[in-house]
Amino acid sequence: MAEQPSKRIIPVTDQRSGSLGVPATALNAQALLPASGLLQDARGRVLRDLRISVTDRCNFRCSYCMPKDVFTKDYPYLPHSSLLTFEEITRIARQFVAHGVTKIRLTGGEPLLRKNLEILIEQLSALRTPDGNALDLTLTTNGSLLTRKAEALRAAGLKRLTVSLDGLDDAVFRAMNDVDFPVRDVLDGIEAAQTAGLGPIKVNMVVKRGTNDQQILPMARHFKGSGIVLRFIEYMDVGATNGWRMDDVLPSADVIRLLQQELPLIPLEASQPGETAQRWGYADASGQHDKAAGEIGVISSVTQAFCSDCNRARMSTEGQLYLCLFASQGYNLRDLVRGDHSDEEIASAIAHIWQGRKDRYSELRSAEGPAPAGSGKRRVEMSYIGG
Ligand code: SAM
Ligand code: SF4
Ligand code: SF4
C-alpha cells in the first residue's frame, strides 16, 4: 500500500526559525501528482480558496491582532529578501488555480502597504481556471490607504474588496486601531472604492464584548441600503499575542438578537459552499427579503465551527503554506520556487500537502474548549498568515 504522503513531508514549525524548507528531496521521492482541477483533503474538502499574505507589516495596531506592546518598532518583521516576489507568488498561485482554486484573496498585515501591489493584481487577474474563467480576485484592507489607491487597484483588475471597520464612533475606532486613525478616512476610502467601481464591497467588523459591541446597531443602520454587506465577526483566539478570553467573545446569536429588536432580519441561503458567513436579509413589512435594504452576515468561527466545508489554504508572505488559520506549522513553498523545481513538481507538492490535510481546529475547540494561551504549540499570528 502506498505510504501516506503527509508522513513524508516535513513541516516547518516556526515561521522565523531560519530553517525554512520542505525538503525538495522528500517531495521528489513521491509520485508526481498532476493538477486535475479537483483536489480533496483527507476529509473530502475540496480546495477552492487561497489567501495570500503580501506583507507582515501594518500601520494599525488592532489589539486583537497586533497588540502594540508586542508589535513594537523592534519586532522582527520579515526582511524584504524573505518575501515572495510577485513573480513567485503568481507562479505558485497558477499551480493552485490548476488544482481548482477559483478565489484568491490578498491580505496581510496591511496589503496596501506592499509597494506596487497593482502589479501583482495585474498578474493574478490574468490567470484563468481550467474552464477558462477569470478568478474571483479580492483583497482585505483596513481601508486607510484606499482613497489614494482605489482607482489603481480597479485599473489593475481587482473587482471587489473587503474593508475592516470596527466602529463608526471616532473615539471607539481610534481606540480599536490603537494608532489614533480617524474613522472618516476609512469611510472616505470606502466611498473611493465605490466610485472606482469596486464591488460588491463588504465591511468586516470584529466584535469584542465590552469594547465595540455598542457599535453594532450604528454600523447596521449606516450600511443598510448602501449596497455594502456588513459582516460581524466573532473575536477569535488566533495567534498567541492578543490575550484572547472567551468572555470577550460576543456570540453571533447575540448580535442577531440585538439587531432583530430594531431591524427585522430573515435568514438567507448560503450563496456558495464553504461560505464563512451566515447571511441574513433585512425584512420588509410583509416579512420578505427587502433587497434594496440589503443583507448582513455573521461569521461565527468560535460558536459555530464551519470546518466541515473549509476549502481555504493560506500562504504567508514568505511562501509558507498553512492549512488552517490555527495551524502551528507551515509548508515551505518558497524553497520550491527558488530551487530547481518545475511547475509540475510544485503542483505535485501542493497536492500531497492538501491531500494529507485533516485540520479542524474550530470544531475541536467547540468540543474541547480553546487551548489555554501558552500551552501546546505556538500558533501562527493573524498578521503573518492573513485573515
Ligand atoms: N489589515 C487588513 C485588515 O485589517 O483588513 C487585512 C489583514 S487582517 C489580519 C484580516 C481580517 O482579520 C480583518 O478583517 C481583521 O479584522 C480580522 N482579524 C484579525 N484578528 C482577528 C481576531 N483575533 N479575531 C477575528 N478576526 C480577526
Ligand atoms: Fe492591521 Fe488588519 Fe491586524 Fe488590524 S486586523 S492590526 S489592520 S493586520
Ligand atoms: Fe478552516 Fe481551520 Fe478555520 Fe476550521 S479552524 S474553518 S479548518 S481555518
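In which sense, parallel or antiparallel, do β7 and strand β8 pair, and over how many bridges? In this predicted model, β7 and β8 (residues 278-282) are joined in the antiparallel sense over 3 bridges, and Pro267 stands opposite Trp280 of β8. Strand β7 (265-267) is an edge strand of the sheet, as is β12 (331-332), each of the two pairing on one side only.

The sheet to which these strands belong is open and is formed by 12 strands with mixed pairing, in the order β7-β8-β9-β6-β5-β4-β3-β2-β1-β10-β11-β12. Within this order, β6 (residues 229-234) lies between β9 and β5. Strand β5 (residues 201-207) runs parallel to β6 and is joined to it by 6 bridges, with Val203 having Leu230 as its bridge partner in β6.

Strand β6 is largely enclosed by the rest of the structure, because 6 of its 6 residues are buried. In a regular strand, side chains alternate between the two faces of the sheet. In β6 both faces are covered, with Val229, Arg231 and Ile233 buried on one side and Leu230, Phe232 and Glu234 buried on the other.

The surroundings of two ligands were also examined. Around ligand 2 lie Cys58, Phe60, Cys62, Tyr64, Cys65, Met66, Gly109 and Asn142, a shell that divides into 6 nonpolar and 2 polar residues, with no charged residue. Around ligand 3 there are 13 residues, of which Cys307, Cys310, Cys324, Leu325 and Ser362 come nearest. The elements that contribute two or more residues to this shell are β10 (312-315) and α12 (361-368). The shell around ligand 3 comprises 7 nonpolar, 1 polar and 5 charged residues, so that charged residues are present there, whereas the shell around ligand 2 has none.

As regards confidence, the mean pLDDT of the chain is 90, and 90% of its residues reach 70 or more. Over residues 1-19, however, pLDDT stays under 50, although the model has 45 contacts beyond four places in sequence for this segment. Where pLDDT is low, predicted coordinates should not be read in detail.

Terms used:
Residues are numbered from 1 along each chain as its sequence is written. Chains are lettered from A and ligands numbered from 1 in the order in which they are written. This is a predicted model: local features need pLDDT of at least 70, side-chain atom pairs count only at pLDDT 80 or more; totals for chains, interfaces and linings use all residues. Side-chain values use heavy atoms; hydrogens and water are left out. A residue is near a molecule or strand if one of its heavy atoms lies within 4 Å of it. Helices (H or I, at least four residues) and strands (E, at least two) are DSSP runs, numbered from the N terminus. Two strands pair if DSSP finds at least two bridges between them. pLDDT is the predictor's confidence in each residue, from 0 to 100. Contact means heavy atoms within 4.5 Å. Buried means under 20% relative accessible area, exposed over 50%, partly exposed in between (1.4 Å probe, protein chains only).
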